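This report walks through selected local features of one protein chain. The sequence and structure come first, then the details.

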Amino acid sequence: MSLMKSFVMLLLLLGLAACGTTPTPEAANLPTLAALPTLTATTTPPPVTPSATPTPTLTVSATLTLTATVTPSATITETATPTASNTPLPTETFEPTSDNQGIIALAMTAAKATILPQSPETATAVAGFSVAPTLSGTSGPVICQYPPPGGFGPIYSSDPTLAAQLGCPTPVGQAPVTAALSSAVQNFERGQMVWMQPNIIYALFAAGRFQRYDDTYNTSTDPASGGETAPAGLIEPVRGFGKVWRSFPEVRTGLGWARDAEAGDSATVLTFERGQMIALAQHSQILILVYDAGSVTTGSWRSVPGSF
């Protein structure tokens with residue numbers, strides 16, 4: 001407000017001066033107006049409100065590089081598989097002496113399963129056949145006093161399991177005696193039938209079992225055949241074979257129809273403690289029968305090529 005009054009008085013003085021009015025002495029004695037300071041308008045800038053300075057955000061960009069390191073493993077070396085060779089291994093020869101004859105004989109028996117003759121003085125009788133004593137006092141491989149003769153011998157001696165199944169030839173302790181008998185053989189779809197004196201028929205089934213039957217065929221009272229029509233290429237068994245085949249369903253079912261006519265010839269038979277070996281000349285085969293325990297009419301069978 002004081003600034004405004006000073007400004008108004010200044011304007012009045014200027015107006016009087018312009019009109020030429022001479023100041024009176026009284027006016028001259030008036031006090032001189034003090035020069036008023038010139039006001040300079042100063043614009044005060046508005047207060048500056050500091051703005052928040054954005055804080056830079058530090059972005060860490062990590063690049064992960066995976067480097068696979070392969071450590072070599074142990075090198076696998078292929079080992080060649082040994083191949084069986086037909087080249088015989090060198091055999092060391094031992095000279096038999098009075099001290100080592102028994103040991104060499106036992107070693108040869110164990111290695112080759114050869115049934116060797118043994119004197120009654122050195123054999124120990126066990127259950128009707130001879131066995132060689134072992135160091136442990138237990139029974140060892142079967143060693144018969146008399147081995148099977150002829151073509152039966154090699155088959156018997158080369159198979160220790162068969163020797164154990166059959167036992168020794170009978171009568172034990174005596175030289176084996178074979179029997180030459182008339183025989184007939186007929187082949188079937190699933191096995192064979194064998195007839196031998198005195199009136200015995202064996203049905204040999206393909207599963208490896210046999211059954212013995214009595215041959216009761218009588219030419220005076222029994223028909224030669226049953227008059228059945230066999231399938232093409234097969235025939236109906238006749239006479240003794242036919243009667244057993246028709247009378248016992250297990251035989252007919254097990255063997256099927258005959259494949260050829262029966263063939264007659266001779267047979268060489270050797271009896272053992274628990275079975276038989278039969279050389280059939282018709283087919284150049286040796287039939288092996290192993291009895292079931294406590295029986296002579298049932299058991300297992302197999303045949304091998306050979307003759308007596």
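## The disulfide

The torsion about the S-S bond of Cys144 and Cys168 is about -95 degrees, so the disulfide is left-handed. The sulfur atoms of Cys144 and Cys168 lie 2.0 Å apart. A disulfide here is a pair of cysteine sulfur atoms within 2.5 Å. The structure holds one. Cys144 sits in the loop between β3 (139-142) and α4 (152-157), and Cys168 in the loop between α5 and β4; the pair links distant parts of the chain, 24 residues apart. Helices (H or I, at least four residues) and strands (E, at least two) are DSSP runs, numbered from the N terminus.

Are these cysteines buried or exposed? Both Cys144 and Cys168 are buried. Buried means under 20% relative accessible area, exposed means over 50%, and partly exposed lies in between (1.4 Å probe, protein chains only).

## Basis of the model

This is a predicted model, in which local features need pLDDT of at least 70 and side-chain atom pairs count only at pLDDT 80 or more, while totals for chains, interfaces and linings use all residues. Residues are numbered from 1 along each chain as its sequence is written, and side-chain values use heavy atoms, with hydrogens and water left out.

## The cavity

One cavity of 30 Å³ or more is counted. The largest cavity holds about 40 Å³ of space. On a 1 Å grid over the protein atoms alone, a cavity is a set of points where a 1.4 Å probe fits but cannot get out; lining residues have an atom within 4 Å of a point. Grid points are joined across faces, edges and corners, and a volume is the space filled by probe spheres set on the points.

## Cis peptides and positive phi

Pro171 is found in the loop between α5 (160-166) and β4 (179-188). Another cis peptide bond joins Gln197 and Pro198, with omega about -5 degrees. Pro198 lies in the loop between β5 (191-196) and β6 (200-205).

Asn199 is also in the loop between β5 and β6. Phi of Asn199 is near 60 degrees, a positive value in a residue other than glycine. Asn199 counts as partly exposed, at 42% relative accessibility. Arg239 has a positive phi as well, about 55 degrees, although it is not a glycine. Arg239 lies in helix α6.

## Salt bridges

How many salt bridges does a search of the whole structure find? The search finds six. A salt bridge is a side-chain nitrogen of Lys or Arg within 4 Å of a carboxyl oxygen of Asp or Glu.

Arg239 pairs with Glu262, the closest N and O atoms being 3.8 Å apart. The pair links distant parts of the chain: Glu262 is in the loop between α7 and β8 (263-272), Arg239 in helix α6, 23 residues apart. Glu262 is partly exposed, with a relative accessible area of 28%. Arg239 is partly exposed too, at 40%. Arg246 and Glu236 form another salt bridge (3.5 Å, N to O). Glu236 lies in the loop between β7 and α6 and Arg246 in helix α6, so this pair ties together parts that are ten residues apart in sequence. Glu236 counts as buried, at 12% relative accessibility, whereas Arg246 is partly exposed at 27%.

Arg252 and Glu228 meet side chain to side chain in a salt bridge (2.4 Å, N to O). Here too distant parts of the chain are linked: Arg252 is in helix α7 (residues 249-255), Glu228 in the loop between β7 (209-214) and α6 (239-247), 24 residues apart. Arg252 is partly exposed, with a relative accessible area of 31%. Glu228 is partly exposed as well, at 28%.

Notes
1 Å grid on protein atoms, 1.4 Å probe; cavity = no way out; pocket = protein on both sides within 12 Å on 5 of 7 lines; lining within 4 Å.
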